[in-house]
Amino acid sequence: MYGDPVTSVDGAGPPQPPTGALDAPPQPWPAGQVPPYPAPYPMPEPDRLTRFVVRLHDRSPRWAVPLAAVGCVAAGIGYALISDPTHSSPDAAPTCLLKLTTGLDCPGCGGTRALWYVLHADLPAAARHHFLFVFALPFLAYLFVAWAGRQAFGWRLPQLGISSKVIGGFLAAWLAFSVLRNLPWAPFTSLYV
């Protein structure tokens, strides 16, 4: 009666450990084993596609993902070079749906033409079509090389310290650029592509 531990008003509660168990360090669960209490919800079995993707990820070499990313970048560069966006009409397929339906330049309008001019070493023309793309391109290229080099070859290139404030400032500048380039007054009409 007196001296017995009380866990709640009605006496129900978790079992109390033996007196000497509080001094022992906690034992971690061995790998692959679950604790003796039930999971909060049943874990579903993964479907065939999920098992395939997980198995493919486990078996793929570490350079496969950077190589796939390089392939995507190469496909974009190839599209820009083959299509020559500088000589296509604004309504040529494929086109920007925002520009086609509203006549306004979207935040990415001019990016493909800017890439085409960058690939042909004409930076003033590239900046004329999308200044922020040309500004961000060296940073994006370095971030990609640092990531791909670390993933594929274990390189330890210095990381760019880009804070969330810098990213927020860049996105705010991109939003302002997107609005200003659609204004119908000089000098903003020079930003229209």
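Predicted model: local features only at pLDDT ≥ 70, side-chain atom pairs only at ≥ 80, totals over all residues.
Residues are numbered from 1 along each chain as its sequence is written. Local features require pLDDT of at least 70 and side-chain atom pairs pLDDT 80 or more, whereas totals for chains, interfaces and linings use all residues, and side-chain values rest on heavy atoms, without hydrogens or water.

Helices are DSSP runs of H or I with at least four residues, numbered from the N terminus. Beyond its neighbours within four places in sequence, Y117 is in contact (heavy atoms within 4.5 Å) with T86, D122, A125, A126 and H129.

Helix 6 comprises 23 residues, 131–153, and spans 33 Å from first to last C-alpha, close to the expected 33 Å, which is 1.5 Å times one less than the number of residues. A kink of about 40° occurs at L137, shortly before P138; the bend is the angle between axes fitted to the seven residues ending there and the seven starting there. Buried residues (under 20% relative accessible area, 1.4 Å probe, protein chains only) in helix 6 are L132, V134, A136, A146, A148, G149 and A152. Their cover includes helix 2 (64–83), helix 4, helix 5 and helix 7 (164–180). Just after helix 6, G154 adopts a positive phi of about 75°.

Technical notes:
Helix = DSSP H or I, 4+ residues; strand = E, 2+ residues; numbered from the N terminus. Buried < 20%, exposed > 50% of the residue type's maximum accessible area, 1.4 Å probe, protein only.
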